[in-house]
Amino acid sequence: EVLSPASNKVIGHLPHATQADLDLALSAAERAFSTWRTSSALQRAQVLNKVAGLIRERAPAIGRNLTLEQGKTLAEAMGEVTSCVEHAEWHAEECRRIYGRLIPPRDACVQQTVLREPIGVCVAFSPWNFPFSQA
């Protein structure tokens, strides 16, 4: 049961994740990563911009649900949603700007480079008080 912190009444129901559910989610993320890691910076930016657009489009409903579930004011919930949109847009632009670099070597016969690339799936538990912005 999902309880409203304002009234302690049931406002919804969610299943508890089983170990099998967690394994399935991790497996799906690993499969998706195999495509994500080879996608171009432009494609990644497009995905993140689409995320930002969908969040912005659905902001009133998301904010309302955050208020119901968290007990925070609607203004604070909408602030969290707006912040999440801005983070997605910022990271979309970073996709286009994050390049490798050449490092000046001590020896002219040596070439040192840094190449930035995705390394894998991350599993995390986010805090309860700002659940949407943690995404």
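Arg56 is partly exposed, with 47% relative accessible area; the classes are buried under 20%, exposed over 50% and partly exposed in between, using a 1.4 Å probe and protein chains only. The model is predicted, so local features need pLDDT of at least 70 and side-chain atom pairs count only at pLDDT 80 or more, while totals for chains, interfaces and linings use all residues. Residues are numbered from 1 along each chain as its sequence is written, and side-chain values use heavy atoms, with hydrogens and water left out.

Arg56 forms a salt bridge with Glu89, with the closest N and O atoms 2.4 Å apart (a salt bridge is a side-chain nitrogen of Lys or Arg within 4 Å of a carboxyl oxygen of Asp or Glu). This pair links distant parts of the chain, with Arg56 in helix H2 and Glu89 in helix H3 (residues 74–97), 33 residues apart. Helices (H or I, at least four residues) and strands (E, at least two) are DSSP runs numbered from the N terminus. Glu89 is partly exposed at 29%.

The structure holds three salt bridges. In one of them, Glu80 meets Lys72 at 2.6 Å, N to O, and both residues are buried. Arg97 and Glu94 also form a salt bridge, at 2.6 Å; both lie in helix H3, three residues apart, about one turn of the helix. Arg97 is partly exposed at 43%, whereas Glu94 counts as buried at 17%.

Zero disulfides are found in the whole structure, a disulfide being a pair of cysteine sulfur atoms within 2.5 Å. For Cys84, the nearest cysteine sulfur is that of Cys95, 15 Å away.
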